[in-house]
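Thanks for coming, everyone. I'd like to walk you through one chain from the inside out. Please have a look at it first.

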Amino acid sequence: MSSSHAALSQLPPVTVPLALLIPRQKQHYFDTIGPRTPYRSRAFTFWGDAALFPLVHAFLNGCARDRDPDYRYVFDLLGTELAGNAVRHTRSGEPGGTFTLRVDRSAAGLTLTCRDGGLPDTHLRDRRDRARLQPNPAGLHANADATAGRGLALVDALATAWGDNGVPTYRHVWFHLAYDFAGSAWAAA
């Protein structure tokens, strides 16, 4: 840890309104009650700190605000799973790290892409190396007390489609959720 990061970690915690972290021109991204703002694509870069996940929830709910409650729930669940993976497993969760969520809307559904900071050991990898993410096959059947291992299995089961760019140095993980839940285990539940 650098000396500047060590000095910052000595500062006392404070509470600030999360709205102060949102630029004025993007505040409508987080609005779930005002008039709907049409969009094709929205993106926002978040600091890689789990304490800021209320902003992630607000962003995802703002993007899916005109959908029914089930759709908003599943979209938020899968989106926060990708954001949580970025913070837990990549450089995005290190001091000063960020990740970006981008939502693209089409007539069929919403597609969310999470761009993270890459694996912490990326200096050991060649950018041409490809490594696709795979869900844990036992993820959905894991012990109820397990605190990890379910995320990508959940995305695999509930998203209409999902994937990643296969580049560990700057991973882009995406999922598409059809408005009618076609291809999702949610539709069968």
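Let's start in the middle. The largest nonpolar core has 37 residues. By nonpolar core I mean a set of buried Ala, Val, Leu, Ile, Met, Phe, Trp, Tyr and Cys residues joined through side-chain atoms within 4.5 Å. Buried is under 20% relative accessible area, exposed is over 50%, and partly exposed lies in between, with a 1.4 Å probe and protein chains only. The residues with the most contacts inside this core are Phe46, Phe59, Phe75, Phe99, Leu101 and Phe175.

Which elements each supply at least two residues of this core? They are strand 1 (41-47), helix 2 (53-63), helix 3, strand 2 (98-105), strand 3 (109-115), helix 4 and strand 5. Helix 3 gives the largest share, 8 residues. In soluble globular proteins, nonpolar side chains tend to be buried together.

A word on the source. This is a predicted model: local features need pLDDT of at least 70, side-chain atom pairs count only at pLDDT 80 or more, and totals for chains, interfaces and linings use all residues. Residues are numbered from 1 along each chain as its sequence is written, and side-chain values use heavy atoms, with hydrogens and water left out.

Now the overall layout. The chain has 5 helices and 5 strands. Helices (H or I, at least four residues) and strands (E, at least two) are DSSP runs, numbered from the N terminus. The order from the N terminus is α-β-α-α-β-β-α-β-β-α. Of the 189 residues in the chain, 39% are buried. Contact means heavy atoms within 4.5 Å. Take the contacts with a separation of 6 or more: 66% of them are between residues 24 or more positions apart.

Next, the helices. Helix 2 and helix 3 pack with their axes 9 Å apart, at an angle of about 140°. The axes are lines fitted to C-alpha atoms, for helices over the stretch in contact, and angles run from 0 to 180 degrees between N-to-C directions. Helix 2 and helix 3 are therefore oblique to each other. On that scale, under 35 degrees is roughly parallel, over 145 roughly antiparallel, 65 to 115 roughly perpendicular, and the rest oblique.

Left-handed or right-handed: what is the crossing of helix 2 and helix 3? It is right-handed. A crossing is left-handed if the near helix is turned anticlockwise from the far one by less than a right angle, and right-handed if clockwise. On the helix 2 side, the residues that meet helix 3 include Phe53, Val56, Leu60 and Cys63. Their partners in helix 3 include Phe75, Gly79, Ala83 and Val87.

Helix 3 also packs against helix 4, at about 145°, with axes 10 Å apart. That crossing is left-handed. Helix 3 brings Val74, Leu77, Leu78, Glu81, Leu82 and Asn85 to the contact. Helix 4 brings Gly151, Leu152, Leu154, Val155 and Leu158.

Stay on helix 4, residues 151-158. Its buried residues are Gly151, Leu152, Ala153, Val155 and Leu158. What covers them includes helix 3 (69-89), strand 4 (161-164), strand 5 (172-178) and helix 5 (185-188).

On to strand 2. Phe99 and His172 are 73 residues apart in sequence, yet 9.9 Å apart C-alpha to C-alpha. Phe99 is also among the residues touched by Phe46, and so are Phe30, Phe59 and Leu101.

Thr100, also in strand 2, is buried at 11%. Its contacts beyond four places in sequence are Ala43, Phe44, Thr45, Thr113, Cys114 and Arg115. Thr113 lies in strand 3 and counts as buried at 16%. The C-alpha atoms of Thr100 and Thr113 are separated by 7.9 Å.

Then Val103, again in strand 2. Its relative accessibility is 0%, so it counts as buried. Its contacts beyond four places in sequence include Tyr39, Phe59, Cys63, Phe75 and Leu110.

Last, the cysteines. How many disulfides are there? The count is 0, where a disulfide is a pair of cysteine sulfur atoms within 2.5 Å. Cys63 is buried at 1%, and Cys114 is buried at 1%.
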